[in-house]
Amino acid sequence: MALPSYAGPLETFWYYAFRVFCGMVFIFLISPLLIIIPLSFNVEPYFSFTEGMLALDPDAYSLRWYQEFFGSERWMNAIQNTFIVAVCSTILSMILGTLAALGLSRSELPFKGMIMGFLISPMIVPLIISAAGMFFFYSSMGISQSYLGLILAHTALGTPFVVITVTATLSGFDYNLVRAAASLGATPTYAFFKITVPLILTGVISGGLFALMTSVDEVVVAIFIAGAEQRTVPMQMWAGIREQISPTILAVATLLVCMSILLLSTVEYLRRRSETIRGITPH
Amino acid sequence: MMANTVEAKGQLTPDEQKRLTADMHRSLRRKKIRALLLVAPLLIFILVTFVSPIATMLFRSIDNPQVSEYMPNTTAALARWDADSNELPDEATYAALVTDLKVGRENHTIGKAATRLNYEKSQMRSLLTGTARKAGRLEPPFKEQLIKINDGWGDIDNWRVIKRESSPYTASYYIAAFDMETTPAGEIRMLPEQQRVYLQMLWRTVWMSLLITALTLLLGYPVSYLLASLPMGIANTLMILVLLPFWTSLLVRTSSWIAMLQGQGVINDILVWFGLVSDDNRLSMIYNATGTVITMTHILLPFMILPLYSVMKTIPPSYMRAARSLGATPFTAFVKVYLPQSVPGISAGAILVFILAIGYYITPALVGGQTGQFIGNMIAYHMQSSLNWGLAAALGVVLLALVLGIYALYSRLLGSNNQMSLR
């Protein structure tokens, strides 16, 4: 989008004003994530830059909050809980969501609109309402304050992402490939695992990553239905921000930003790979 | 099925035709069942773990078991009493009340009925629990003695409230959720101005969500336009700046905004350093509505940019060039040619952001202070602190109706195939 050669001074002005504006929006988007990284190395228990930090004095920086984080039994326990719940609910979401997407992509499915509406409802209903409903229901079933309850709840919240990404992948899927396999003597199961699965795998995995992120980041439902024993990392952060703000939160936040960089690169890699497979190479 | 292969030359006999149609129907039905079986596990799972919890919660907003369940004798006796008669109930009703209070005190259930009645009229709790403590020593006739213990039992309005709430279903949570009250005479009217809470809260939630939607559009539109018009390589690199916040935990972004906006925070430090603000007069940008708006605009901006970008990507740049070559000024060309084509992206992004914003709870709770709270915070308050679950459920229904209404509008506008794909 270069400035055209026939542009007058006014247009030139707008062109640069536009670019400056966009630059500022990018700064707005990214600066909160960048600012916490140096702050997490603060030697003082504050959320702000000290004079020493601004003067780049090495004594003003420390790994104190990281030590506190890794030395805290509460945080380590929270990591373990988050890991258990996220992994279990992601696997469940991937299995249930993929099966449902396979059914949804068939033209014979009756009541498709209504079924789709139910399946993606966890994404539309505000979390506070889901949390309130699950709180009553799961308590009456006796599974609130248990890992099972939290895993089931997170699975419900995560499946819509798998359903949507896999359905999107299947919309570009050529069913003639399965028919070809059948004509060459493959059983339906064999054709499914040899033909369908490899082609939709990228969709399944990126849907799974969305579900994983949902579970790792989810706090509203967790506050309502998890007990102290199931305390996850977001719950611990929520309590930390509300009670006493210590830079330990920022150390955790920095680690979480690193994790999201990792997740983002994986999803982008998968997206490009699936585009290549489908013959839409980025140019 | 294979036996029915149609011979190319021969016509089908009616019998064969019938068999063929039947076979085709059967095959179609089998395919339908197979598709349904694939969907069934998730559908059942969602119905059990998600839809039914929400349905039971919605039911709670009209469910009213406390009085009829824990004061059964009084409920039965009051059914015979005419609330409009201007006369106190008869001795039998007072006797029934004493029985209920005795039983309720033994089983520790009278407090539940008392709490329920207290939502309708203050002092009902102390009236019931106070009398229950003395009910064990009473001998018939009861009417005079009860009125002597607490003259509340001689007040017809109290009996009217008990009679009204002895019905197993109630609209009173909705009446409360819309800042109204039922007078003892049974009329529904608005609360006095200074006692209205929820309508104001709902209104604030809606307009702050609209403001946040407008801000994300204002910031997101130019950026999406830039991303859509830059060469792919640069656009993909800049896209990281949009996607990284999108993938970062909500709590991380909220806590970093606390670090940015607080009194001793980064932004205030910079402003003081530049001399724009004096040190003892730092801006309060957090723990109020401003904090909620800034933080939520940042959190929801990627949800605006992504749909806008995907729509703008499909608008050929040659259209703008054609408009310019036909003599349009850049402004006219943009308004007449580009803007109308980007409307699907605007509506998708705006409705997505608005729906997400209106149900927010975490961010307003952490950075909103007094003036930046949303209706979601009110629901959480009644769930966790005041324990008025019926009111929480009624507020939840109002919020849910709002969200589903907007969502229905959205899917009608865009067709059901474009449902909120995040990419």
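**Getting to know the structure**

Mentor: Let's begin with one residue: leaving aside residues up to four places away in sequence, B:Met124 touches B:Ala114, B:Leu117, B:Asn118, B:Asn158 and B:Val161. Touching, or being in contact, is taken to be two residues having C-beta atoms, placed from the backbone, within 7 Å. This is a predicted model, where local features need pLDDT of at least 70, side-chain atom pairs count only at pLDDT 80 or more, and totals for chains, interfaces and linings use all residues. Residues are numbered from 1 along each chain as its sequence is written, while chains are lettered from A and ligands numbered from 1 in the order in which they are written.

Trainee: Where does B:Met124 lie? And is B:Met124 buried or exposed?

Mentor: B:Met124 lies in helix 6 of chain B. Helices here are DSSP runs (H or I, at least four residues), strands are too (E, at least two), and both are numbered from the N terminus. B:Met124 counts as buried because it has 21 C-beta neighbours inside 10 Å. The cut-offs are 20 or more other C-beta atoms within 10 Å for buried, 12 or fewer for exposed, and in between for partly exposed, with C-beta atoms placed from the backbone.

Trainee: How do helix 5 and helix 6 of chain B pack?

Mentor: Helix 5 (residues 110-120) of chain B and helix 6 (residues 124-135) of chain B have axes 7 Å apart, at an angle of about 155°. Axes are lines fitted to C-alpha atoms, for helices over the stretch in contact, and angles run from 0 to 180 degrees between N-to-C directions. Helix 5 of chain B and helix 6 of chain B are therefore roughly antiparallel to each other. For the wording, under 35 degrees is roughly parallel, over 145 roughly antiparallel, 65 to 115 roughly perpendicular, and the rest oblique.

Trainee: Which residues of helix 6 of chain B meet helix 5 of chain B?

Mentor: B:Met124, B:Arg125, B:Leu128, B:Thr129 and B:Ala132 do, and their partners in helix 5 of chain B include B:Ile110, B:Ala114 and B:Leu117. The residues of this contact between helix 5 and helix 6 of chain B divide into seven nonpolar, four polar and two charged. Ala, Val, Leu, Ile, Met, Phe, Trp, Tyr, Cys and Pro count as nonpolar, Asp, Glu, Lys and Arg as charged, and the others, Gly among them, as polar.

Trainee: What about helix 4 and helix 7 of chain A?

Mentor: The axes of helix 4 (residues 73-104) of chain A and helix 7 (residues 147-171) of chain A come within 6 Å and cross at roughly 40°. Helix 4 of chain A and helix 7 of chain A are therefore oblique to each other. Their contact has 16 nonpolar, 10 polar and no charged residues.

Trainee: Changing topic: how many residues of chain B are in contact with chain A?

Mentor: There are 75 residues of chain B in contact with 77 residues of chain A. On the side of chain B that touches chain A, helix 1 (residues 14-60) of chain B gives the most, with 22 residues. That side of chain B divides into 52 nonpolar, 18 polar and five charged residues.

Trainee: And which residues have the most contacts inside the largest nonpolar core?

Mentor: They are A:Ala132, A:Val221, A:Ile225, B:Leu300 and B:Val353, in a core of 158 residues. A nonpolar core is a set of buried Ala, Val, Leu, Ile, Met, Phe, Trp, Tyr and Cys residues joined through C-beta atoms within 7 Å. Helix 14 (residues 289-312) of chain B brings the largest share of this core, 13 residues. A second, separate core of 25 residues includes B:Leu78, B:Leu97, B:Ile110 and B:Leu127.

Trainee: What does A:Met237 touch?

Mentor: Not counting residues up to four places away in sequence, A:Met237 touches A:Ile249, A:Val252 and B:Leu251. A:Met237 is found in helix 11 (residues 233-242) of chain A, and A:Met237 is buried, with 25 other C-beta atoms within 10 Å.

Trainee: Last one: what is phi of A:Gln145 near?

Mentor: Phi of A:Gln145 is near 55°, a positive value in a residue other than glycine. Most residues other than glycine have a negative phi. A:Gln145 sits in the loop between helix 6 (127-141) and helix 7 of chain A, and A:Gln145 is partly exposed, with 15 other C-beta atoms within 10 Å.
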